[in-house]
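Work through the exercises below with the coordinates open. Each task is followed by a solution in steps.

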Amino acid sequence: DGMVEIESDEEAPIHPSEDPAITGITEETQSDSDKKSAPSGNGREKEGGHKNTYRTPSQYIELMEGVGVKVPQKNLVIRYYRELAIPHLIRFPQRLAPAAMDPYPEGLDQWEPGSPILEIDWAETLARGPQVIPGVTTVRRLEGTSPGTSPEKIPLDLYIGIDCSGSMSNPSVILSYPILAATVITISALRAGAHIMACLSGEEPGEFCETDGFLRDEKSIMTILTNYLGTGYSFGIQRLQTAFLETPPLPRPVHILVVSDSDMFHMLSSHKEGWNIAAEAVKKAGGGGTFVLEINPDRYASEIERMRDSGWNVYTVRNQHELVAFARTFSKQNYEQK
């Protein structure tokens, strides 16, 4: 931890001719004329310095391998984005079910060796005698449930679709803000108990890769998100057709999140049923949908309006750096229970 960020006190090596420990010349021993004519130390400023920045994924991998970390590069890339995402984590949106279920005791049963040791009711076990004999004197508490008075919070499952066409950067080489934003939301959703399906798509023509349905396995999801295709020109709308229109009804409501750019409009218009697929997919998902697009909203006002009429939320950013702020505010502004 902490190796992704470049601290302000990390500087280039000092040339021996400028190192006070070698020359014996310090700032106090220099004359005023020497101070004016002396070089500033490879351009470094004495005060202020450079702001904290981040290593690129390739620099991070090189550093980790240089200090002897022996794990696959893919694991290092996942660790890189996870570390950057942690400061931005927020609670993922949740919906309220009619009522939660409160547990109540129903009696005792024999605890057998091999069962979880946490199930042992020690008070009742020791009340039977001071000698604890597993499977003989050990008992466990049986519990039932009754309708509670407080609502149960059920997190929305999440579908994350990322445009991975030729216009998108390789997240293993340089910092990819779409992947960082997806990482922030992914970890927040998993912590809240949601299931996630991740998909990278660069199609028409091109390729895609996705998880095997909705998962709770962070590594499998992040392995897909940190992959790279670099094919096609946009996120393929047919991915939503396959995931939502050609499958049985989903057990829980899903929110669809698609990150792309202006090419998404061309994809919707050029595909024979593009706009209809978008409208039907968000309806069947049951948890709403959001297009996050890197565009000038004034230039695409009519297309944005059509998206909203189809049942989608539309969030626009002027540059990819703004995606991280979107990731932090996305759930709080639209779904978080007050």
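A pocket is an open set of grid points with protein on both sides within 12 Å along at least five of seven lines, and its lining residues have an atom within 4 Å of a point. The model used here is predicted.

**Exercise 1.** State the volume of the second largest pocket, list the residues that line this pocket, and sort them by class.

Solution. 
- Step 1. The space in the second largest pocket comes to about 200 Å³.
- Step 2. Its lining consists of Gly-2, Val-4, Glu-5, Tyr-54, Glu-83, Leu-84, Pro-87, His-88, Leu-175, Tyr-177, Leu-180 and Val-324.
- Step 3. Two or more lining residues come from each of helix H4 (73–85) and H6.
- Step 4. Sorted by class, the lining of this pocket holds eight nonpolar, two polar and two charged residues.

**Exercise 2.** How do H4 and H6 pack, by angle and by distance between their axes?

Solution. 
- Step 1. Two packed helices are described by the angle between their axes and the distance between the axes.
- Step 2. For H4 and H6 the angle is about 75 degrees, and the axes are 9 Å apart.
- Step 3. Angles of 65 to 115 degrees count as roughly perpendicular, and H4 and H6 are therefore roughly perpendicular to each other.
- Step 4. H4 contributes Tyr-81, Arg-82, Leu-84 and Ala-85 to the contact, while H6 contributes Ile-179, Leu-180, Thr-183, Val-184, Ile-187 and Arg-191.
- Step 5. The contact of H4 with H6 has seven nonpolar, one polar and two charged residues.

**Exercise 3.** Which residues of H9 meet which residues of H10, and at what angle do the axes of H9 and H10 cross?

Solution. 
- Step 1. Helix H9 (residues 263–270) and helix H10 (residues 274–285) have axes that come within 5 Å and cross at roughly 105 degrees.
- Step 2. H9 and H10 are therefore roughly perpendicular to each other.
- Step 3. Phe-265, Leu-268 and Ser-269 of H9 meet Gly-274, Trp-275 and Ala-278 of H10.
- Step 4. The contact of H9 with H10 has four nonpolar, two polar and no charged residues.

**Exercise 4.** How many cavities of 30 Å³ or more are there, and what lines the largest cavity?

Solution. 
- Step 1. The count is five cavities of 30 Å³ or more.
- Step 2. The largest cavity has a volume of about 80 Å³.
- Step 3. It is lined by 14 residues, and Asp-163, Met-168, Ser-169, Ser-176 and Ile-179 are the closest to its centre.
- Step 4. Strand S7 (157–163) and helix H6 (177–191) each give two or more residues to the lining of the largest cavity.
- Step 5. By class, the lining of the largest cavity has nine nonpolar, four polar and one charged residues.

Notes
Residues numbered from 1 in each chain as written. Predicted model: local features only at pLDDT ≥ 70, side-chain atom pairs only at ≥ 80, totals over all residues. Heavy atoms only, no water. 1 Å grid on protein atoms, 1.4 Å probe; cavity = no way out; pocket = protein on both sides within 12 Å on 5 of 7 lines; lining within 4 Å. Points joined across faces, edges and corners; volume = space filled by probe spheres on them. Helix = DSSP H or I, 4+ residues; strand = E, 2+ residues; numbered from the N terminus. Nonpolar A, V, L, I, M, F, W, Y, C, P; charged D, E, K, R; others polar. Axes fitted to C-alpha atoms, helices over the stretch in contact; angles between N-to-C directions. Parallel < 35°, antiparallel > 145°, perpendicular 65-115°, else oblique. Contact = heavy atoms within 4.5 Å.
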